[in-house]
Amino acid sequence: MREVRLKTRNDIRGIYDSCKIVAQLLVDIEVMIKPGISTLELDNWAEEYIRDRGAVPAFKGYRNFPATLCVSLNDEIVHGIPGDRKLKEGDLVTIDVGADLAGKFSDTARTYAVGNVDVEKKRLMETTKMSLKAGIDAIGNRSYISDIGRAIQSTIQSAGYKVVRDLTGHGVGFSQHEAPTIYNYPVEEENMRLRNGMVLAIEPMAAIGSEKIFCASDGWTLKTLDGSLSAHFEDTVAIWEGKVAVLTCLNDRLAEELFGGGVRS
Ligand code: MG
């Protein structure tokens with residue numbers, strides 16, 4: 001397994017500043033998520049939003065990904081490429097975004113409802129969001145990576161949905177994707193104790209039908225094999241003194257207490 005790069009408190013202050021940009025972006029974009037807007041319009045807005053705040057869209061150019069946001073609709077799980085497609089009433093849309101602020105990387109995602117959606121879609125979104133919270137809440141003083149995956153899996157499965165197993169969370173902070181891999185189910189072979197200074201992107205993905213996925217002809221978009229709906233929620237968190245601070249949550253008391261106020265020189 002690749003080496004885990006632990007962060008100092010000052011490193012995490014910088015990562016937190018990067019996280020706050022994308023966390024606020026995902027709040028501010030919500031009013032734009034309406035039928036008729038194209039995914040490219042959302043992307044252009046987001047790129048300007050990030051650059052105005054002195055950061056760089058972290059996904060753009062990453063392995064040649066062409067955009068600031070991943071915008072994934074309905075049966076698309078992740079890595080949808082923004083374009084001419086317009087949002088429609090009743091769609092589920094997932095927006096995933098990362099920023100590079102002076103070399104400090106953030107990563108966060110949310111699934112939104114476009115206009116009114118049916119009860120099943122609401123329940124899928126709510127369950128996936130709850131599984132992210134359960135995964136984060138599973139982190140304590142003596143936790144292992146598998147505790148996160150176990151909590152996520154149990155939340156998703158007890159609602160009758162499937163965990164998308166082929167995609168995972170990851171370390172983040174000095175680059176977009178780092179060790180360790182954060183599975184959304186327990187994996188004993190790659191288990192490790194959570195340590196002080198770890199910064200992790202935790203990102204459960206759930207599907208109503210099959211958890212099997214395939215890559216669309218654009219070479220990026222990953223979809224459910226059976227065309228069933230999926231949802232995805234992601235937060236960047238930091239582990240510090242046995243506690244967990246949610247860096248992409250705008251009102252996380254612990255994050256503000258430990259890492260607020262910017263990088264100290
Ligand atoms: Mg991620």
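Start with the open sheet of 3 strands, in the order E3-E14-E13 with antiparallel pairing. Strands here (E, at least two residues) and helices (H or I, at least four) are DSSP runs, numbered from the N terminus, and two strands pair if DSSP finds at least two bridges between them. Strand E3 (76-78) and strand E13 (213-215) stand at the edges with a single partner strand each, so one side of each has no neighbour in the sheet. On average, neighbouring strands of this sheet are turned by 40° against each other, direction ignored.

Before going on, a word on what you are looking at. This is a predicted model, where local features need pLDDT of at least 70, side-chain atom pairs count only at pLDDT 80 or more, and totals for chains, interfaces and linings use all residues. Residues are numbered from 1 along each chain as its sequence is written, and side-chain values use heavy atoms, with hydrogens and water left out.

Next, select E13 and strand E14 (residues 222-224): they run antiparallel, joined by 3 bridges. Phe214 has Lys223 in E14 as its bridge partner.

Now click on Asn74, in the loop between strand E2 (69-73) and E3. Its phi is positive, near 55°, and it isn't a glycine. Most residues other than glycine have a negative phi, and most peptide bonds are trans.

Which residues hold the magnesium ion? Show Asp107 (OD), His170 (NE2), Glu203 (OE) and Glu234 (OE), which coordinate the ion at 2.1 to 2.4 Å. Donors are N, O and S atoms within 2.8 Å of the metal (3.2 Å for Na, K and Ca); water is not among the atoms, so sites may look incomplete. Along the chain, the magnesium donors follow the spacing D-x62-H-x32-E-x30-E. Asp107 sits in the loop between strand E6 (104-105) and strand E7 (108-113), while Glu234 is in the loop between strand E15 (230-232) and E16, 127 residues apart.

Move on to the open sheet of 5 strands, ordered E10-E9-E11-E16-E17 with antiparallel pairing. Its edge strands, strand E10 (178-182) and E17, each pair on one side only. From one strand to the next, the twist averages 25°. For angles, axes are lines fitted to C-alpha atoms, for helices over the stretch in contact, and angles run from 0 to 180 degrees between N-to-C directions.

Two helices pack on this sheet. Helix H1 (residues 9-28) touches strand E11 (199-202) and E16, and its direction makes about 160° with that of E16; contact means heavy atoms within 4.5 Å. H4 touches E10 and E11, its direction making about 40° with that of E10.

While you're at E10, pick Pro180, which lies in that strand. The peptide bond from Ala179 to Pro180 is cis, with omega near 0°.

Ala238 stands opposite Ala245 in E17, and Ile239 has Val244 as its bridge partner. The hairpin has 2 residues between the strands, and Glu241 takes a positive phi near 50°.

Last stop: helix H3 (residues 119-137) and helix H4 (residues 145-158), which pack at about 155° with axes 8 Å apart. That makes H3 roughly antiparallel to H4 (under 35 degrees is roughly parallel, over 145 roughly antiparallel, 65 to 115 roughly perpendicular, the rest oblique). Residues to show in the contact include Met130 and Ala134 of H3, and Ile148 and Ile152 of H4.
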